[in-house]
Amino acid sequence: MTKFVDLHLCAPFRDAEQLRRMVTKSFELGYRLVGIPLPPNLEVDKVEQLRKICSEAALDFVSRVDLTPKNTRELLASLRRLRRKFEVVSVFCISKPIARQAAKDRRVDLLSFPVAKPRNRFFDSAEAELASESLASLEIDMAPLLSLEGYLRIRLISSIRREVAIAKSFRVPVVISSGTTSDFLLRRPRDYSALAMLFDMDPSLAFSALSEIPLSIVERNRLKLSPDFVAPGLRVVRRRDP
Amino acid sequence: MIRRVKQRYFALKIESAESFEEGDVRDAVWSAVIQLFGQYGASQAGLFLVEYDKGKKQAVLRCAQRALSMVHASVVSVTKMKDEPATIHVLRISGTLRALRKKR
């Protein structure tokens, strides 16, 4: 059975009731793994509490951090500090230098771009080429597609269509996430794949953007964060008894 | 020879704190199709609200098979009905009403 993943469920982690509602709804809609963005300095016991709430709803919890650096130096410092603390690292690219640096850094999992300003979506062919050589994927949040109206939505669909075409030609993986703070904007994976036709994405590609690709990111990072990991392709299989 | 137009049936679940009339659901779906695909797209959709259960907040919608993905995308893009927050979830899609009811 396909395991669907929502790597960007913006559930309010301070409001336990709303969080529980959104997590339960995610499970009902068919997701089995959710990534919740957390602040970098969140206490460990809070994270464990979130993990517990998710496991009560039979969901696998993925810790995620959304970095919004002001410049490349700040980005590198944040990556150095936080990479080993979170399972998924996403960079919100507000300028071209940040987007370029994030695309070529192997510690970055997801690249996301501003919704309201199409001119500030820097995912062009140069960006895609850098991303294809590293491990970064392009993240598309579906909530703005549902909440925006009129001209803003038209411009957003057009930008995403162009980006998906570029990502496809450079073989950059695309991840579809909900990106919602409200349970009203949550949809089933099949519904998201239907919405993906708006930006000319094949249903099969949309399904893998909702399942295989995010799952492989999480598995890859969990392997790296495990104490048995030594280097890519090398891990501790057995330890000598003390 | 004119070929028979193949149909598809959607089983829908409306999620909202409010309860709506059949006309509200029909209007919401039509305006979603028109917003996303325009009047030309809507003219190809062959939309028809077959039934609506106000109590269960469930509906059956029919559309032309060739407009299936268009109608699916439009239906799930509904966020409001009569200015109240509402969501439509697609429960099932089937080629015949009988199969749809069996699956439900």
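A:P37 stands opposite A:R64 in β3(A). This is a predicted model, in which local features need pLDDT of at least 70 and side-chain atom pairs count only at pLDDT 80 or more, while totals for chains, interfaces and linings use all residues. Residues are numbered from 1 along each chain as its sequence is written, and chains are lettered from A and ligands numbered from 1 in the order in which they are written.

Let us stay with chain A. Helices (H or I, at least four residues) and strands (E, at least two) are DSSP runs, numbered from the N terminus. Two strands pair if DSSP finds at least two bridges between them. β3(A) has a parallel partner in β2(A) and another in β4(A).

β2(A), helix α2 (residues 44–56) of chain A and β3(A) form a right-handed β-α-β unit; right-handed says that, with the strands pointing away from the viewer, the path from the first strand over the helix to the second runs clockwise. From β3(A) the chain then passes through helix α3 (residues 72–82) of chain A to β4(A), again in a right-handed β-α-β crossover.

Now to chain B, where an open sheet of 4 strands with antiparallel pairing has the order β2-β3-β1-β6. Its edge strands, each pairing on one side only, are β2 (48–53) and β6 (87–94) of chain B. On average, neighbouring strands of this sheet are turned by 25° against each other, direction ignored; axes are lines fitted to C-alpha atoms, for helices over the stretch in contact, and angles run from 0 to 180 degrees between N-to-C directions.

| Strands | Sense | Bridges |
|---|---|---|
| β2 (residues 31–37) and β3 (residues 60–67) of chain A | parallel | 5 bridges |
| β3(A) and β4 (residues 88–92) of chain A | parallel | 4 bridges |
| β1 (residues 7–15) and β3 (residues 58–64) of chain B | antiparallel | 7 bridges |

Where do the chains meet? 11 residues of chain A are in contact with 10 residues of chain B, contact being C-beta atoms, placed from the backbone, within 7 Å. On the chain A side, α6 (143–147) and α8 (189–195) give two or more residues, and α8(A) supplies the largest share, 4 residues.

Methods
Two residues are in contact if their C-beta atoms, placed from the backbone, lie within 7 Å.
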